[in-house]
Amino acid sequence: MAFACKCLLHQFYIVYICYNIVIDNDHPSNRRDLGAKRILSALGQQLAIAITGNPGIRFIRVETRELQIKQRTPDMELHLEHPDIGQVIAIVEIQGQADAEFARRLAALTTWLAHDRGCPVIPVVIHLGQPRDRCSTHFLYELAGARIEVRPVEIVLAEQD
């Protein structure tokens, strides 16, 4: 990840922590996610470069909406144009706490979006907590010779310089 992107993610983390200090723990976690979504939305191009590692990627827009897959809602849906492969979608999930079912939901969302939109989908997880507070985000299912695997790009904000 480029130095400039690391700096931006580090700045995001500081702003996010300050935002959460203002919001007390009586508010639901989705209220805290809203602040993170707003901050990250402003960093669209930089986030696209950080996710793909490609400085030629072009950020098009960000969406946050309900998807018709059991009301699954990615925190952010980044629409990108990759210089070599064309349209790409990056779905960004912000994880503030451990969630044992997260990997399964992310795999379902990733594969459904790839089918629905007809383009590659990059699953991305931004961890707000320390590594000891996280569950696995890697999903692997093998049965009778069939294999489904989703391994997202993971960004741990607490580990950014």
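This is a predicted model: local features need pLDDT of at least 70, side-chain atom pairs count only at pLDDT 80 or more; totals for chains, interfaces and linings use all residues.
I found one formed by Tyr141, Leu143 and Ile148. Together these residues have about 300 Å² of accessible area.

I then took up Tyr141 by itself. Tyr141 sits in strand β5, which runs over residues 139–143. I noted a relative accessibility of 43% for Tyr141. Tyr141 is classed as partly exposed because 43% falls between the 20% and 50% cut-offs.

Next I turned to burial. Of the 161 residues in the chain, 41% are buried. I picked Gln95 to look at in detail. Gln95 belongs to strand β3, residues 86–95. Its relative accessible area is 13%, and Gln95 counts as buried because the cut-off is under 20%.

I also listed what Gln95 touches, setting aside neighbours within four places in sequence. The contacts are Phe102, Val125, Ile126, His127, Leu128 and Gly129.

I checked contacts over the chain as well. Among those with a separation of 6 or more, 56% are between residues 24 or more positions apart.

Last, I wrote down the secondary structure. I have four helices and seven strands in the chain. Their order along the sequence is α-α-α-β-β-β-α-β-β-β-β.

Key. Residues are numbered from 1 along each chain as its sequence is written. Side-chain values use heavy atoms; hydrogens and water are left out. Helices (H or I, at least four residues) and strands (E, at least two) are DSSP runs, numbered from the N terminus. Buried means under 20% relative accessible area, exposed over 50%, partly exposed in between (1.4 Å probe, protein chains only). Contact means heavy atoms within 4.5 Å. Patches are made of residues with over 30% relative accessible area and no salt bridge: like charges are joined within 9 Å, nonpolar side chains (Val, Leu, Ile, Met, Phe, Trp, Tyr) within 5 Å. Accessible areas come from the Shrake-Rupley method with a 1.4 Å probe; for residues, only the protein chains shown count as cover. A salt bridge is a side-chain nitrogen of Lys or Arg within 4 Å of a carboxyl oxygen of Asp or Glu.
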